[in-house]
Amino acid sequence: MTKALEGVRILDFTHVQSGPTCTQLLAWFGADVIKVEKAGEGDATRGQLRDVEGADSLYFTMLNHNKRSITLDTKNPKGKEVLVKLIKECDVMVENFAPGALDRMGFPWEKIQEINPRIILASVKGFGPGPYVDCKVYENVAQCTGGAASTTGDPDGLPMVTGAQIGDSGTGLHLALGIVTALYQREKTGRGQKVLAAMQDAVLNLCRVKLRDQQRLERTGELREYPQYPDIEFGEAVPRAGNASGGGQPGSILKCKGWQKDPNAYIYFITQGAVWPAICKIIGEEDWITNPHFATPQARLPHLKMIFARIEEWTKTKTKFEAMDILNEFDIPCGPILSMKEIAEDQSLRDTGTIVEVDHPVRGKYLSVGNPIKLSDSPTEVTRSPLLGEHTDEVLRQMGYSSAQLEELRAAKAI
Ligand code: COA
């Protein structure tokens, strides 16, 4: 069976997390991803957070499946010649260097385009044009500058970063969409183009609902779905909402049986308007179905804390899975708080390929997250990440280099 992106060749200059997330997805969709790394060093994450002596870290292996690795010194004159050939042969060049690094390397966009007018140059940067354009950026910087941290956390606590890597992996996802869109446009125009995904922009895009709430707050002076309402006065900016959904369907995290000992014995419970009568019946408050203080979503807003406290009295009598089973019978939206251990052991996630076991020649077997996007005509087989420079000879031979030329490049320390 052919793969969706079969025939697309990606020159992958990405490192750490944001860029590699993007190129890994493209590889899973069938693109030939050639990861370029500095000889002897490679992607810094190969050696970071190591759990097996001498083996590429999980940080690296889990972000670089299905790619080929070549070593190339792009600051070496002979290495630059190889890079020119690679640019000619590839459809897309992806990079997430610090701002200006490509220019310093001697490969600004104008030169890349001159070498191959059909190429797409896709970049992750911390910020778009503006005062911070030259800054280096990591995950949590993006979460803080993209609006996520100021709107996450306890109402009276510090701004909070989240464990979901919305700055890195979130931006990688945005970039991947930009790349396939540019490839689609190239079908019609024959021209490549530049694609930029700035981490601040990607985080802000994922925080769209908070900019919605900022404007609602400015217009009305309050956010009735937030836990501050009705007791605490709102300030000028959207506050942190704890675990409140803050949206049209109020929700909260509630304790379940065993919460005293198990840090994950909790369930997220949504009091969706459509199933209010069922909720009232389950918790034994049938009077609330018609009582004017509770009967409509608007009437319930000032009483949400009391309502969730009452529902919690019920959830505390059930394990999170028992509660999930009972609530689902009545179509009440809810979700147990699953630990990473529970997710890693979840058979259904293994069956769909969302959790995969991969074998690696140095580190042995490990678990990874497979392709979360399923295409019926382009299934994903996850293969292990490459060793540093594992495919240098293979790739350069495919480009027409002879054994003698490879030796020459090696002697010049270009590869
Ligand atoms: N051959 C020769 N030189 C190479 C090379 C190769 N194959 N690959 C990289 N280099 C050089 C670069 O040209 C650069 O040189 P320069 O500083 O002289 O211009 C240097 O290696 C290091 O690149 P840089 O990107 O600055 O790495 P860093 O470790 O200093 O910074 C980041 C890391 C992530 C902070 C930075 O890359 C960045 O801000 N990237 C954009 C935002 C981003 O993606 N952040 C999230 C990361 S998950």
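The model is predicted: local features require pLDDT of at least 70, side-chain atom pairs count only at pLDDT 80 or more, and totals for chains, interfaces and linings use all residues. Residues are numbered from 1 along each chain as its sequence is written, and side-chain values use heavy atoms, with hydrogens and water left out.

The shell around the ligand holds 23 residues, each with a heavy atom within 4 Å. Lys-75, Ala-98, Arg-104, Lys-136 and Val-137 come nearest. By class, the shell divides into 10 nonpolar, 6 polar and 7 charged residues. Asp, Glu, Lys and Arg count as charged; Ala, Val, Leu, Ile, Met, Phe, Trp, Tyr, Cys and Pro count as nonpolar; the others, Gly among them, count as polar. Helix H4 (residues 101–105) supplies the largest share, 3 residues. Helices (H or I, at least four residues) and strands (E, at least two) are DSSP runs, numbered from the N terminus.

Polar contacts are pairs of N or O atoms within 3.5 Å. A ligand oxygen atom lies 3.1 Å from a side-chain N or O atom of His-15. A ligand nitrogen atom is 3.0 Å from a polar backbone atom of Thr-74. For Asn-96, the distance from a polar backbone atom to a ligand nitrogen atom is 2.9 Å. The protein buries 83% of the 940 Å² that the ligand exposes when taken alone (Shrake-Rupley method, 1.4 Å probe).

Strands S10 (residues 355–360) and S11 (residues 364–369) pair in the antiparallel sense over 6 bridges; pairing requires at least two bridges in DSSP. A hairpin of 3 residues joins S10 to S11. Asp-359 has Lys-365 of S11 as its bridge partner.

The peptide bond from Tyr-229 to Pro-230 is cis, with omega near 5°.

Terms used. Polar contact = N/O pair within 3.5 Å; in protein donor to acceptor, adjacent residues only side chain to side chain.
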